[in-house]
Amino acid sequence: MRLAALCVLASLASLGAAAQESAPRVTVPSAHALPPPPADPADRVQPAGAALVLADDGGFDRITSRTLRSLAAAELRKHGVSVWDDPRFHTVQPVDGFLADTLRQMGVHRLFVLRVGGRLGKKVPLAFEEADASRLTTIYAADLVATGMEETDRNLARLVEAVLDRKSAGDTAGMQTVTVEEKRPFQELPGRRFFAVGFPFGFQGSTGRTYGTPLGLSATFMYEAQWARVDVQVLGETHGSSSTVFAGILANWVPLDRQVSPYIGAGLGYLLVSGSNGAIAADSRYSGGMGVAVEGGVELARLQGFRVLAGVEVLIPLFKTGDLSLSAPVTPLAHVRFAF
């Protein structure tokens, strides 16, 4: 009985082994043999270079703004700068923390920013800068205004050169790249012309004669701007003791643009001085040469079409006056002028 049971168990075991040998075998590959998942094109590692970001397109269409960025990138490459060609930078990209994180992940340490300011009539303001890729602070910037889209390519080339060489955009101009805006005539500040008649009174004396009745006359051509005035002046005066003649040009600073303003100025011209060491006119002696004029005073009625000027003018000879017997080496004058 026991022997029969053992035979049955042996038969069943042999049948199971045969079934296991006849069944198809399935091979499970090792985890190391699994093919890598397809990589995202944006996550592919590229050689580190510079990033060029279009921070403002000025309202231009997508094709125009992308073209401007491409022109700037081409100019950077001409100067030996490797520019990261990433589709994310082909459109407007704000310069913010997200951009800083993106550049950090990409391993980019140099950032250039192009800004298109839109249109001012036909003018297109362009600004180009190099910024710190982590802190987004400006390192160097330059800007130009293009008179029409046809001029933007030349302006971009000059802006790239200015930023890379750390110089003003104006210093990059050449005969073929100077802009219409740069060669526009100057817009000058307004100025007015006046003719003035004055009455100078001298206080110089000489040892040989006493002070007499003063007599003097001056004529001045004046050109006055908001803060300055230029005088072309001729004057002559005598007061018995000595005489003075001066012809020269003075530059004056007028610090206030109100109705009343002080002024101070100085100039250079020809000076003729006479003195005497005797009691009669025949004893008078003359000497002449270059002289300096220093003047200060008050200008009245600046808001009207005429002027009244009252001041003190000092004439300083640049030549020897020792033989004229003058009481002082300089000649002070009180000068009142009426300009119209």
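Close-up 1. Among what covers the buried residues of α4 are α2 (62-78), β2 (110-116), β3 (123-132) and β4 (138-147). Helices here are DSSP runs of H or I with at least four residues, strands are E runs of at least two, and both are numbered from the N terminus. This is a predicted model, in which local features need pLDDT of at least 70 and side-chain atom pairs count only at pLDDT 80 or more, while totals for chains, interfaces and linings use all residues. Residues are numbered from 1 along each chain as its sequence is written, and side-chain values use heavy atoms, with hydrogens and water left out.

**Close-up 2. Helix α4 itself.** The buried residues in α4 are T152, N155, L156, R158, L159, V160, A162, V163 and L164; buried means under 20% relative accessible area, exposed over 50%, and partly exposed in between (1.4 Å probe, protein chains only). How far apart are the end C-alpha atoms of α4? They lie 20 Å apart, which agrees with the 20 Å that 14 residues (152-165) should span at 1.5 Å a residue. That expected span is 1.5 Å times one less than the number of residues. Just after α4, R166 takes a positive phi of about 55 degrees.

Close-up 3. Side chains of opposite charge can pair when their charged atoms come close. A salt bridge is counted when a side-chain nitrogen of Lys or Arg is within 4 Å of a carboxyl oxygen of Asp or Glu. Is R158 buried or exposed? R158 is buried, at 2% relative accessible area, whereas E182 is partly exposed at 33%. Look also for K167 and D165, which meet in a salt bridge at 3.9 Å, N to O. Here K167 is partly exposed at 25%, and D165 is partly exposed at 43%.

**Close-up 4. A pair between two strands.** D231 and R337 form a salt bridge, with their closest N and O atoms 3.5 Å apart. The two residues are 106 apart in the chain, D231 in strand β7 (residues 228-238) and R337 in strand β12 (residues 331-339). D231 is buried at 0% relative accessibility, and R337 is buried at 0%.

**Close-up 5. A network of charges.** E224, R229, D231, E295, E299, R302, R307 and R337 are linked by salt bridges into a network. The structure holds 21 salt bridges.

Technical notes
Contact means heavy atoms within 4.5 Å.
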